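Reader: I'm new to this one. Can you put it up and take me through it?
Author: Here it is.

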Amino acid sequence: MKKLLIFLTIFTFSGWFIPGALAQLDQVLRLEIPPENTTDNLVYDVTPIGEKGLLVSTQPRYSSYGADNFWTITRFDTVLNRVWEKRIDIDRGFYPAKVYQDSSFLYVLLNKDESVKFKIFRMDTGSGEFEMIEGSALTQVYVTEFKVMGNTAYIGGAVNYRPVVIAFSFIDRRSRVLPALYEPKSELVGIDIDSQHGSANIIVFNSERRQSKLVLKSFDYSGRITKNLPLESQRDKNLHTAKVASLSETEQFVFGNYTIRNSPYSQGIYLARLTDNKQEAIQYFRFNDFRNFFEYMKPRRKERVKSRISKLREKGREMQLHYRFLLHDIIETDNQYIMVAEAYYPQYRSNSMYGYFPSGMRGGSYYDRVFDGYRYTHAVVCGFDKAGNLLWDNSFEIMDYKNYSLREVVEVAVDGDKIVLAYPEEGTIHTKVIRGNDVLKSKEKYPVKTNFEGDKITDSQDASIDHWYGPYFISWGFQEIYNGRDANVKPNREVLPEQSYLPGRSFYYFASGTKIKRQGPDEISSGPCLIWFFFSPQLYPGTPLWDCHLH
């Protein structure tokens, strides 16, 4: 029997509060709650909403399963009290396609196969009030982007292999296709929302035979195009991805990675500065020149790569790299822009098969190349000042991570000049702390502990992590646990936090939560728990000022 558990973990980097302090990760709580009977057909998800707490949602795995199609969304505040719970009925046939979140609302785009109709679910994450807004896309769109600015939703994708963005008004419930986008040999790269200046920045990639180009098109609230600017680059360089950061209403930085000619492999980072409707300048930063780009490699391999770069440069040549990058949104602080990009490559495996052929032909074996997920190697983190100069670079090795969908793996929290990097692996959390070019604390791996010595984790799946707010992160996922040893374990139990103190050191505190149902020596589990500790820097390091937990 499959024994399913959803766990949530919360940990805090209390070392942030004490200058010069290093840290360690300590787990302090695991809370267990009986699961629902319908666990096998329910999908759980967690949405942090900053200092308002977080949302825990469930929905049927299969929309045709059973009599109802519904969501349940529960909000917990930061002291882990249940604030409200809502049930949302979903019309049969509609499924969630994209999700977007801002500081006040959660938006979910629901599509229906072979239909131009869609629905947008909008929920006030504070009060829990929600509405289901119906609309039409005018034509069937393969959706890749969904963003919201004010009372307008932007639904982007492709129609007949050409880019399309539809602006849908929540006020009059009308859709309109934005102009100057539906062009051949083009694809939609992304939509960046600049709420401060009331602009939707749309990036389109034009694929030309000799040199491809990125084009930035900006639209105001009314759908009027305010900027239509091809980004110029050197003849041998193609701008491959783009993220927009606004300095003012008329000035923008565009960050991204560039390739050589039409190669898919990134060779470095570019930064273009735009003023009004003109490109003022563009700078290129080669990965081969970065101080820490190759730090994820083992020492001997790193030295061989650097030696090869030096030898090729003596001959007037540059070593070409073979990395694909997934670019995060730009993080803006008071004095710099922080860019994070994750290097990955698609992985394949060969299946050996044997076939029989007609007309007396011999059968024979052949090999079928099958996609086997995306393998991540490392993340690149670099900082730029407000003038566009590269200040520092660093890296975070993630070579032990594979996923079948391409998504951001590393979560980032910034406190002054310190940056915490974290990503989950099945049953563990990996962390690294950096300051500019320096590593304050090297990569460490922390297991998510269970409550009893006899507990055995037989499987872990779908691990996720998010930066919550301040020094707090939240991680969750699914586990299978077997216990055939502890005879006195209650069928349903709650576990209070364990605390440990190390004098003279500051340390992370880590909390984990689960829902568990035990059947004899076995246990199945599914559901959330949360805990939060707060530490005062004026008190003895590691002494809690107060703590709260959810029963």
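Author: A term to begin with: two strands pair if DSSP finds at least two bridges between them. Strands (E, at least two residues) and helices (H or I, at least four residues) are DSSP runs, numbered from the N terminus.

Reader: Which residue in strand 8 is the bridge partner of Pro96?
Author: Leu110 in strand 8 is the bridge partner of Pro96. Strand 7, residues 94–101, and strand 8 pair in the antiparallel sense over 7 bridges.

Reader: Before more of that, where does the model come from?
Author: This is a predicted model, in which local features need pLDDT of at least 70, side-chain atom pairs count only at pLDDT 80 or more, and totals for chains, interfaces and linings use all residues. Residues are numbered from 1 along each chain as its sequence is written, and side-chain values use heavy atoms, with hydrogens and water left out.

Reader: OK, back to strand 8. How many residues are in the hairpin between strand 7 and strand 8?
Author: The hairpin joins strand 7 to strand 8 through 3 residues. On to strand 9, residues 117–124: strand 8 and strand 9 pair in the antiparallel sense over 7 bridges. Leu109 stands opposite Ile120 in strand 9. Strand 8 and strand 9 also form a hairpin, with 4 residues between them. Glu114, in that turn, has a positive phi of about 55°.

Reader: Why is strand 8 said to be largely enclosed by the rest of the structure?
Author: Because 6 of the 8 residues of strand 8 (residues 105–112) are buried. Buried means under 20% relative accessible area, exposed means over 50%, and partly exposed is in between, with a 1.4 Å probe and protein chains only.

Reader: What about the whole protein, how many helices and strands?
Author: The protein has 1 helix and 39 strands. Of its 551 residues, 52% count as buried. The protein exposes about 26700 Å², and carbon and sulfur atoms supply 47% of that area. Accessible areas come from the Shrake-Rupley method with a 1.4 Å probe, and for residues only the protein chains shown count as cover.

Reader: Which residues have the most contacts inside the largest nonpolar core?
Author: Phe255, Phe293, Phe294, Tyr323, Phe325, Met339 and Phe384, in a core of 28 residues. A nonpolar core is a set of buried Ala, Val, Leu, Ile, Met, Phe, Trp, Tyr and Cys residues joined through side-chain atoms within 4.5 Å.

Reader: And which strand gives the most to this core?
Author: Strand 26, with 4 residues. Among the elements that each supply at least two residues of this core are helix 1 (299–314), strand 21 (251–260) and strand 22 (266–275).

Reader: What does Tyr323 touch?
Author: Leaving out residues up to four places away in sequence, Tyr323 touches Pro264, Tyr265, Ser266, Phe293, Phe294, Tyr296, Met297, Ala343, Thr377 and His378. Contact here means heavy atoms within 4.5 Å.

Reader: Switching to charges. How many salt bridges does the count come to?
Author: The count comes to 23 salt bridges. A salt bridge is a side-chain nitrogen of Lys or Arg within 4 Å of a carboxyl oxygen of Asp or Glu.

Reader: Give me one. What does Arg122 pair with?
Author: Arg122 forms a salt bridge with Glu131, and their closest N and O atoms are 2.4 Å apart.

Reader: Is Arg122 buried or exposed?
Author: Arg122 counts as buried, because its relative accessibility is 13%. Glu131 is partly exposed, at 29%.

Reader: Which salt bridge does Asp329 form?
Author: One with Lys243, where the closest N and O atoms are 2.9 Å apart. This pair links distant parts of the chain, 86 residues apart: Asp329 lies in the loop between strand 24 and strand 25, and Lys243 in strand 20. Asp329 counts as partly exposed at 48% relative accessibility, whereas Lys243 counts as buried at 18%.

Reader: Last topic, the surface. Which residues form a nonpolar patch?
Author: Tyr348, Phe371 and Tyr404, with about 310 Å² of accessible area together. Patches are made of residues with over 30% relative accessible area and no salt bridge, where like charges are joined within 9 Å and nonpolar side chains (Val, Leu, Ile, Met, Phe, Trp, Tyr) within 5 Å.

Reader: Where is Phe371 found?
Author: Phe371 is found in strand 27, residues 364–385. At 32% relative accessibility, Phe371 counts as partly exposed.
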